[in-house]
Amino acid sequence: MLVVIRGGGDIASGIALRLWRSGVRLVLCETERPTAIRRTVAFSECIAKGETQVEGVTARRVPLEEARDCLKAGVIPVLVDPSGACIKTLRPDAVVDAILAKRNLGTTMDMAPAVIGVGPGFTAGVDCHAVVETMRGHYLGRVIWEGSAIPNTNIPGLVGGYAGERVLRAPAEGVFRQLLEIGAQVKAGDAAGTVEGQPVICQIDGVLRGILPDGTPVYKGMKSGDVDPRCSIDHCYCASDKALAVGGGVLEALLHLTGALRPCG
């Protein structure tokens, strides 16, 4: 089975881990300049580095013509292909849109025999065959066969008792300059970066779990970092509970839609 995943951020990478470890061959599509925050657990990092690992699984930036050789070597190929143009050439068994743009950026039901949308912006039966819920809470990871995921609230889910306070946001439009590395212990008031000389301030104590790469263009209010109040550095280097829960939902939908595994009831 071959699946194309649109996106390479931390949620898309959690999905990729679930599928790859279940024996599914994957090709990931990313932009030339990814804006993933949790870069230590995002396969999109190989766009800048050429190659990266998440939980022992290797991904490599390659051109389309080298994708199949990459798979034969046991490595996930990642293409610079934000529009998913490779889908027509690869003819995958399924397409998973895990860009998490909160809206559909061009995914259609005719792209593959099974098309799965991740999070809000998709409607099962209209632009995809199934949707997987990404909102933290009771329905996280649930497969939706009719309708859409819960609309985006712009409020991050609770982690360690904190929600919006966890997120670092750009204070202005400009170029982000990174001051701290992922895994750094921070205190409320610390500057993790700057934008045009203005500090990007941590609002709570914890571990810097994610941060934009130095030189990233940002707009005012753009998510630029993430502080984990649980203070576990290990969490910086493994896929989150949310990413793996969503990945489980995608795997369920994939098996059902492709007929690889028939449901018991």
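How much space lies in the largest cavity? I looked this up and found about 30 Å³.

I note that this is a predicted model, in which local features need pLDDT of at least 70 and side-chain atom pairs count only at pLDDT 80 or more, while totals for chains, interfaces and linings use all residues. Residues are numbered from 1 along each chain as its sequence is written, and side-chain values use heavy atoms, with hydrogens and water left out.

**Cavity.** I worked on a 1 Å grid over the protein atoms alone, where a cavity is a set of points that a 1.4 Å probe fits but cannot leave, and a pocket is an open set with protein on both sides within 12 Å along at least five of seven lines. Lining residues have an atom within 4 Å of a point. Points are joined across faces, edges and corners, and a volume is the space filled by probe spheres set on them. I counted one cavity of 30 Å³ or more. Its lining comprises Asp-97, Leu-100, Ala-101, Lys-102, Arg-103, Val-118, Gly-119, Pro-120 and Phe-122. I sorted this lining into five nonpolar, one polar and three charged residues (nonpolar: Ala, Val, Leu, Ile, Met, Phe, Trp, Tyr, Cys and Pro; charged: Asp, Glu, Lys and Arg; polar: the others, Gly among them).

**Largest pocket.** I found a volume of about 1,500 Å³ for the largest pocket. Of its 47 lining residues, Asp-10, Ile-99, Leu-100, Lys-102 and Lys-223 lie nearest the centre. Helix H1 (10–20) and strands S2 (25–30), S12 (167–169) and S19 (223–228) each supply at least two lining residues; helices (H or I, at least four residues) and strands (E, at least two) are DSSP runs numbered from the N terminus. H1 gives the largest share, three residues. By class I recorded 20 nonpolar, 12 polar and 15 charged residues.

**Second largest pocket.** I read about 200 Å³ here. Among the 14 lining residues, Arg-33, Pro-34, Glu-45, Ala-48 and Pro-213 lie nearest the centre.

**Thr-52.** I located Thr-52 in strand S3 (residues 51–54). Thr-52 counts as buried because its relative accessible area is 12%, where buried means under 20% (1.4 Å probe, protein chains only). Its contacts (heavy atoms within 4.5 Å) include Phe-43, Glu-45 and Val-57, residues up to four places away in sequence not being counted.

**Sheet.** I traced an open, antiparallel sheet of four strands in the order S12-S19-S17-S14, pairing requiring at least two DSSP bridges. S12 and S14 (185–186) are the edge strands.

Definitions and conventions. Buried means under 20% relative accessible area, exposed over 50%, partly exposed in between (1.4 Å probe, protein chains only).
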